[in-house]
Structure formats: C-alpha cells, structure tokens
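Keep the structure in view while reading.

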Amino acid sequence: MVSPQFNMEIFQQAQTMAFAVNEINNNPNLLPNITLGYHLYDNCVRLEMAFRAAISLASGTEESFSSLNCTGPPPVIGIVGDPSSTPSIAISNVLGLFRVPMVSHYATCSCLSDRKKYPSFFRTIPSDAFQVRAMVQILRHFGWTWVGLVYSDDDYGIYAAQLFQQEMQQFGYCVAFSEKIPNDNNHKDIQRITGVIQASTARVVVVFPTFLLPLMEEVVLQNMTGKQWIASEAWATSSVYHSPRFLPFLGGTLGIAIRRGEIEDLHDFLLRLHPSNDPRNNIVRIFWEKMFSCSFGNGGRVIDGEQVKKVCTGQENLSTTNTPYTDVSDLRPAYNVYKAVYALAHALHDLMQCEEAEGGNSNMCCILIKHLLCLQTVQLVHYLQKVNFTTGFGDQVSFDKNGDALPIYDVLNWQPSSDGSIRTYTHPRSVCSESCPPGTRQARRKGLPVCCFDCLPCGDGEISNTTDAIECTVCPDEFWSNPDKNQCVPKAVEFLSYEEPLGISLTTASLLGTCICALVMVIFAHHRNTPIVRANNSELSFLLLLSLKMCFLCVLLFIGQPQLWTCQLRHAVFGISFVLCISSILVKTMVVIAVFKSSRPEGKGAMKWFGVAQQRCTVLVLTALQVVICVVWLSTASPTPHKNNQYIRSKMVYECAIGSVAGFSMLLGYIGLLAAVSFLLAFLARNLPDNFNEAKFITFSMLIFCAVWIAFVPAYVSSPGKYAVAVEIFAILASSFGLLVSIFAPKCYIILLHPERNTKNAIMGRETQKK
C-alpha cells in the first residue's frame, strides 16, 4: 500500500547523498583508493526512530579497521542528519561522548552551537542566531518596530523565539505578543492563537514553526487579511502555501531562506533511479508507486480502498514527471546534504594525509591510518573542524569554532504580482494608548525607547501604582501584590498554629498521651507492691513513664509561632526526653538478662553489677551525653526563627532554622544508636521464661520505634514548611504511643482485669509449667 505521507523533497535529499557519495568515489583526486559507502534511515518524523537509527549506526563503529584485505565491517566515519533540531540534540548528546561526527543539513537550533555539550556536531546550515539577526535587519529596513511572534513548542521554536526577543530588545523594538503553537495542534489552542493575532494591533507577525499548516488553515477560515508575515527558513520555501487558496492571506510574505545551490549532473542521476536497480530497497518501490499512482501488486488491476490503481510495469519514465523530486532548479536542503557529505569526505582525505604530531598522531599511526588501521572518529572530528573547500557552485564550505556554517541566506518575497516587486508595509507608530491603568504595565522593559505598547497585567508579586504605568515594580521580599496589583501588602505568615485543625489534632493527641501516662503511673503506684509491678523493676518503670510524659509534652513546643526560646528548647527537650526514655528501656533489658543469668549456677554474681545504684548511674550517664550534645549545639549554632519564602512565593513560612545540621544529626543519631542497642539486647532475650517476659514487649516496642524514625527521615526532608513540623510531631507521638502501649498495656491488663494472675504463685506456676 502506498504511503500517503511520502515526502518527495526529503527523498530527493536522500538521493542527493547517494549522488554525492557516487561522485566522490569517481573522483581520483579525493580519497583515492578508498570507496565510500552509506546507509539511509527513515526517521519517520519521530524522535525515537531517529535516535534508534543513529545509535544503530554508531554502535556498529569500530575504533580501528583490522583487515588489509577490505573484509569485515567497514568503519562508520560520520552521520549526515538529522534534519530536525530536537533529534539532533538527543543524538548528539550520546554521539558526542564517543566523538562520532554528525553533520546536519537542516537543524538550526542555536543551542547546538554549545561545543561543551555537542563536541562532535557540525552543520552546513547556519544557526538560528544568524537567522534571527537577518530577520531583525529586515524589520529595521522597513521600520517595523511593533511585531507579533509565533513559534512551535520544541527546541527549534523555543530557542529561536528567545533569540528573537533578545535581538528585538537590543534595538529597542517591541514584541506585541508571543504565542506557542502546541505540538498536538489542538484546535481550540489554534483558534485562540489566531484570535490573538487578529486582535493585536501588531500588523507584522514573525513565525518560527515546525508544522504550520493547521494555523494557516484557521487563518483562511477566519478570513484574516492585512498581516505582514515574516517566514523563517522552516517554511519560507514550502510549496504547500503557494496555492491560490493561501496567497490572498500570505501574499507579500517575506522569508529567510537557506542558500540556494546548483549540483551538476544531479538531475540525470535522479532520473536513473529504478526499482530494478535495487530490488531489496522497499522505499524505492514505495516512491515509484507514489510517483506513478500504480502498485506492484499481482493481477490486472489493484483496488486500494475505493480507488482503482493501475499495476506498475517498470516501464514508466521519470523524465515525463514534474514533481519536487525531479525539480533541481531550487536546491536548498539537498544542497546542504551535498555539502555535508563532501565535508566528511574532505576531512577523511585530510586525515589520510596526516603528518607527524599533527592532530596528535605519531608517524606509526599515520602509516596505519593510510591503511585504515588506526582510524578513530575523534581524529576525524579534529580534521572536520579544519575543513575548507569550495563547491562546484562556487560556495565556500568551512566551520567556525562552534561547528556552524558560514551564515549566507536568500531573502524571498511571496509576491503574487507579475513583476515580482516587493510591497513595503509600514506600521503606524501611535496605535495604542499613551497610558495604562493601575495594575497593568506597558509591554516594555526598563531602558528601552517608547514604541507601540499593549497594556499587560503585572505579574504576581509586582505592582503598578501610577496612572501612567510604564513598568511594574517587584514587591520587597516580605510583601506581595494585592488582587488589584496596585499595592504591596505584607505576605501572609504561615506556621503550624493551635487554631487550625491540624494543630488542634496534634495538641489533642499530645495531651491524651500525657494523661494516659499519668493514669498508668497512678495504677502502678496503687499496685506497687504487687508481683507484676515489682518483678518488672518498678523504679525504672516510673522513670520510663515520666520520660514518656515529657516526650508527649515536648510536642507543644513545636506548635505555635516560632520564638527564639521555643526553637532552642523544642529539639533539646525532645532529644533529652527520648534518650531518658530509651536508656531506661535499655537498662530494664540489661536487668532482665542479668536476673536470668543469676538464676544459673555459672552466673550467680551477675546481679552485683546491676544493682539499683548501677542502674541509676547508667541512665544518668547515657542521658548526660545527650545533654552535652544539646549544650554544644545550642552554644555554637543555635536554632533560630526564620521566615522562608522559598516554598510559596506569595507566603512567608515561619519556621525554626536548625542552625547546625551536624548538631541535629548527632542528636538524632545518638537516639538511634541507643534504640538499636536496646532492640538488639531485647531481641536476644526474647525467649527467656515467662516470668521474665518483659523482653518480648521491649523487642516489639523498639521495632515500632525504629520503623517510625526510619520513615521519618525521608518524609521530613521532602515536606515543605509547616508540614515538616507536622511530620516531626507525628513521629514523636507515634513512637511515644508505641512505647507506652507495647510495654505498659500488657501489665495494666493483668493488674486491672486479671488480678488472680498478679500473684507470686501464679508467676511461679507458669514458670514451673513451662519447665
């Protein structure tokens, strides 16, 4: 089936490459005794296809050619293409790493001139930086200082638009509007853009498109006349817009076109193309079917949908056709392809003539190069940068330090009149208001002379408080513009307050935990002489409940407007409370292990090291270390209140800057270390007899504690403003409730609901039963 999107002009460019290779191979003075070959790939106007084709070529390259008998895979010395900027950027990013030279004939994005990013990229078409300068020179010639800008949403359009606006500002000219053509050509967006062009007082419109047809179709539908179009090279020579349907709207268009050239004998080469010359080449068969409206199907007549086609016989004659393929009177992209192939050939030729120390080659390497045994693409890039030759048409071909070609353009005029004269169009300079209302500004920047302006709204954080607004003033850091954009007002200050639902919920949870701790303390105090309380070290239990109460209460320091004292105390109280809590648990675990060991003959003296005095001293020392960390932190780089506008520009987030990241990290790290040791010891003691089963509950509580704080770190780092504070509070509450419930809930359950199990006989009975 014949492809309806077969492009004759692009196929002509591909055949021009084949012609150039054939011409070089027949030239005894250029690359003698070397035969060039080529592969042609169709990118299907898709980035992934172009990228895959280029990588397929590059991955087949070898740094050296290892056969003097010309056997084995030939080296790929370079790539001609891609014609579009975006694929060229993607491909060059990869090929540049391996210094594989790539010479594009149609990619014009100025970004590709960056030698650091694209060290092996060259092109035989000038950069858009030169095209933009040429356009502005045309505007200056006719005195057009008030113009509109339309560009495509891709690398080609975006970079060209940026350069154009910068160049306009340099000369004091104004851009009335700047509209981006969407990639999906959404009809509503196209209608909106057309409406902007129609409504604007600017009569001159500069267009940098990749695909313009949908927009021009809408221009015809809306009967938009009276606009002076300035065409970039992407569409200045496109024949699709030269039809009688478009000329009433596009007549008089001025365009920048890439240099036209002539290639001798190309026409005869194009006419010699025939499917029988290369039966395996399916693209030639598709071309032939498209050219002659026939099909290579079997049978007398082939039906394609409702259209009846004749069968291709192979006797058709290309010389009788008149299509963009056979038309060589206006060679532009094809001429650039021709120059690109010759540039690579001349670079290879110069490389073959290498001398000692030139291009980093030694005498031995030069000898090997002449036999294609030391050929490397990085060497070819070196010589490609120095290429300088003249085409048969008389054009000089060389590259500047950025790999760009010499900037030569043709200026075209789409004039339907028979004499071909250029119709000038001078736009009046006083079509817009002399002043703008408050909250808006004239479309200009500071330092530019007055021309024609539109009144545009000030941006967020900007105001205009005069009745003759020329420009907008940016509000100070702690201020923002009001809805009318005519006054700077203080930014709203945001912090986790007691009045908002989140603050109320966290405060309630904090007070609830404190009350539960107090209730458990009352229960334990009332039943302090019972076996279940005494067997689990009542003094450490009360100390643990006290530290948990402090953990719950320290949450209140995190809520409310940050003050210097709250910023300093919140993390210190938090760190000391949790160390007191974890150290109490650690000592409880150690006591459990010591008691069990003392019941064995070999460990009868174990308990003398874990008496009441030793327990208190251990808790005190472990907590004192955290106190030292907090004192050093607060005395060297103390946390302070800080107004941050980096999260939301329209608001000031009031937060506590931690001061020293190292201090905060040491505080958390010390808590984590104690928790890990407690978990390890409790885990090792989890299988002790039931009367010493508190280790099981400690293991579970430490598991919850560690899980909460491991999850806290990424959540805290990724949360902005007051939500980071909320995450920290949630971690404190979750871990505190986990410790409280895991350790004390089983004891309270026995004390309150099963007092018959809270006896010495019951405990000893379970132990005996297990034995």
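**A sheet and its cysteines**

Val-653, in S23, is the bridge partner of Asn-644. The model in which this pair is found is a predicted one. S22 and S23, the latter covering residues 651–657, pair in the antiparallel sense over five bridges. In general, strands of a sheet pair through backbone hydrogen bonds, either parallel or antiparallel.

These two strands belong to an open sheet of three strands, in the order S21-S23-S22 and with mixed pairing. Strand S21 (492–494) and strand S22 (640–644) stand at the edges with a single partner strand each, so one side of each has no neighbour in the sheet. On average, neighbouring strands of this sheet are turned by 30° against each other, direction ignored.

Next come the disulfides. A disulfide is a covalent bond between the sulfur atoms of two cysteines. One of them joins Cys-567 to Cys-656, with an S to S distance of 1.9 Å. The torsion about this S-S bond is about -75°, so the disulfide is left-handed. Distant parts of the chain are linked here: Cys-567 lies in helix H17 (residues 564–598) and Cys-656 in strand S23, 89 residues apart. Cys-567 is buried at 0% relative accessibility, and Cys-656 is buried at 12%.

Cys-554, in contrast, is in no disulfide; the nearest cysteine sulfur, that of Cys-551, is 5.9 Å away. Cys-554 is buried, with 2% relative accessibility.

Note on methods. Residues are numbered from 1 along each chain as its sequence is written. This is a predicted model: local features need pLDDT of at least 70, side-chain atom pairs count only at pLDDT 80 or more; totals for chains, interfaces and linings use all residues. Side-chain values use heavy atoms; hydrogens and water are left out. Two strands pair if DSSP finds at least two bridges between them. Helices (H or I, at least four residues) and strands (E, at least two) are DSSP runs, numbered from the N terminus. Axes are lines fitted to C-alpha atoms, for helices over the stretch in contact, and angles run from 0 to 180 degrees between N-to-C directions. A disulfide is a pair of cysteine sulfur atoms within 2.5 Å. Buried means under 20% relative accessible area, exposed over 50%, partly exposed in between (1.4 Å probe, protein chains only).
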